[in-house]
Each structure stands twice: as C-alpha cells, then as structure tokens.
Amino acid sequence: MSHTRYNLTIPQDHKDLEILGEELTKRKLRFRTRSKLINGKYKDFPVPQLRGSHAGGEDEYGNYISREGHYINFRYILRWNENEIRDLQQAIYAANKRTETYIFEFDSTSDYEVEYDGDRSWDASFTFYAHTEEDLPF
C-alpha cells in the first residue's frame, strides 16, 4: 500500500489569505484574528488565525491519501446554519476570483463543542485547502 500526502497549506502572512479574510469580513463572518507579539505588546491583524488540519483515508485501490490543510475558528457561532455555510462558500468563491497564487477549496464546518466534563471547548470552525495550480489533483 502506498501513501500519498498533499500539503495544501498557505503561509500565515500570504496576501491571498488577506483576500480570504476580506471576503469573510464582507459577509460579516467574524473569524479569530492573528495576533503577534511586537515590542512586548500583542497586535491584532485583520487576517484569519490559521490552525492545521489533517484528513486521510484509503482510496478505492487501498492506497492511503492524506491532505494537510487549515481551519479557522469562529467564536460567536454555536452551530453553523445554511446561510452561514452559503456565505463561507461565497467568500471562498469571491476570494478565488481575486487571488494570485492560491485557489481555496471549502471542505467542511464543525460546530462548537464542549467536552463532557466541561473542562475543554472547541470553537466552531471551517476547514479548507489552499491549492496552487501545480497541485490541483482534485
């Protein structure tokens, strides 16, 4: 069995990510922003804070295929509704018309979750992949 790995990530400081952030903001989708420590103080930037995602499984031939991507958190959303998901997809479509290097692919959404004992929680998020023209296998 073979293993094929696709790295479909984008650097945190890439201009195309700023474009995606602008398109999400136009649709009033308030994502967790990137913060950076500068001269002892945190400064917020109007771009999404990226987190890494990994998905994988076997194809019809028994080969393992994995994809590295990102997810972006949204603190104010408990459960994604159809309108918000449509807005995410439209933001990605609009961003792809403006980007120069990357083509964004929407993957999925995750609702807010709380661990059974209430000690941990996870913000709602959406997962996506960032392709360059050279790595468009899908």
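Glu23 sits in helix α1. Helices here are DSSP runs of H or I with at least four residues, strands are runs of E with at least two, and both are numbered from the N terminus. This is a predicted model, in which local features need pLDDT of at least 70, side-chain atom pairs count only at pLDDT 80 or more, and totals for chains, interfaces and linings use all residues. Residues are numbered from 1 along each chain as its sequence is written, and side-chain values use heavy atoms, with hydrogens and water left out.

Is Glu23 buried or exposed? Glu23 counts as buried because its relative accessibility is 3%. Buried means under 20% relative accessible area, exposed means over 50%, and partly exposed lies in between, with a 1.4 Å probe and protein chains only. The Glu23 side chain makes a polar contact with the side chain of Arg27, at 2.8 Å. A polar contact is a pair of N or O atoms within 3.5 Å; within protein, one must be able to donate a hydrogen and the other to accept it, and residues adjacent in sequence count only if both atoms are side-chain atoms. Leaving aside residues up to four places away in sequence, Glu23 touches Ala91, Ala94, Ala95 and Arg98. Contact means heavy atoms within 4.5 Å.

**The whole chain**

The chain has two helices and nine strands. From the N terminus, their order is β-α-β-β-β-β-α-β-β-β-β. The C-alpha atoms fill a box of roughly 50 × 45 × 35 Å along the principal axes. Of the 138 residues, 36% are buried. Among contacts with a separation of 6 or more, 58% join residues 24 or more positions apart.

**Helix α2**

Helix α2 covers residues 82-98. The expected span is 1.5 Å times one less than the number of residues. At the N-terminal end, Asn81 caps α2: one of its side-chain oxygens lies 2.9 Å from the backbone nitrogen of Asn83. Buried residues in α2 are Glu84, Asp87, Leu88, Ala91, Ile92, Ala94 and Ala95. Their cover includes α1 (15-26), β5 (64-74), β6 (103-110) and β9 (124-131).

In soluble globular proteins, nonpolar side chains tend to be buried together. The largest nonpolar core here has 22 residues, and those with the most contacts inside it are Leu20, Leu24, Ile72, Phe74, Phe104 and Phe126. α1, β5, α2 and β9 each supply at least two residues of this core. A nonpolar core is a set of buried Ala, Val, Leu, Ile, Met, Phe, Trp, Tyr and Cys residues joined through side-chain atoms within 4.5 Å. What does Leu20 touch? Not counting residues up to four places away in sequence, Leu20 touches Ile72, Ala91, Ile92, Ala95, Phe104 and Phe128.

**The largest pocket**

The largest pocket has a volume of about 210 Å³. Its lining includes Arg32, Tyr71, Asn73, Ser110, Trp122 and Ser125. β5, β8 (121-122) and β9 each supply at least two lining residues. On a 1 Å grid over the protein atoms alone, a pocket is an open set of points where a 1.4 Å probe fits, with protein on both sides within 12 Å along at least five of seven lines; lining residues have an atom within 4 Å of a point. Grid points are joined across faces, edges and corners, and the volume is the space filled by probe spheres set on the points.

Ser110 lies in strand β6, and Ser125 is in strand β9. Beyond residues up to four places away in sequence, Ser110 touches Trp80, Ala124 and Ser125. With that same exclusion, the contacts of Ser125 include Tyr71, Asn73, Trp80 and Ser110.

Most residues other than glycine have a negative phi. Lys28 has a positive phi near 60°, and Asn39 has a positive phi of about 50°. Lys28 is in the loop between α1 and β2 (33-38). Asn39 is in the loop between β2 and β3 (41-48).

| Residue | Relative accessible area | Class |
|---|---|---|
| Ser110 | 28% | Ser110: partly exposed |
| Ser125 | 7% | Ser125: buried |
| Lys28 | 66% | Lys28: exposed |
| Asn39 | 78% | Asn39: exposed |
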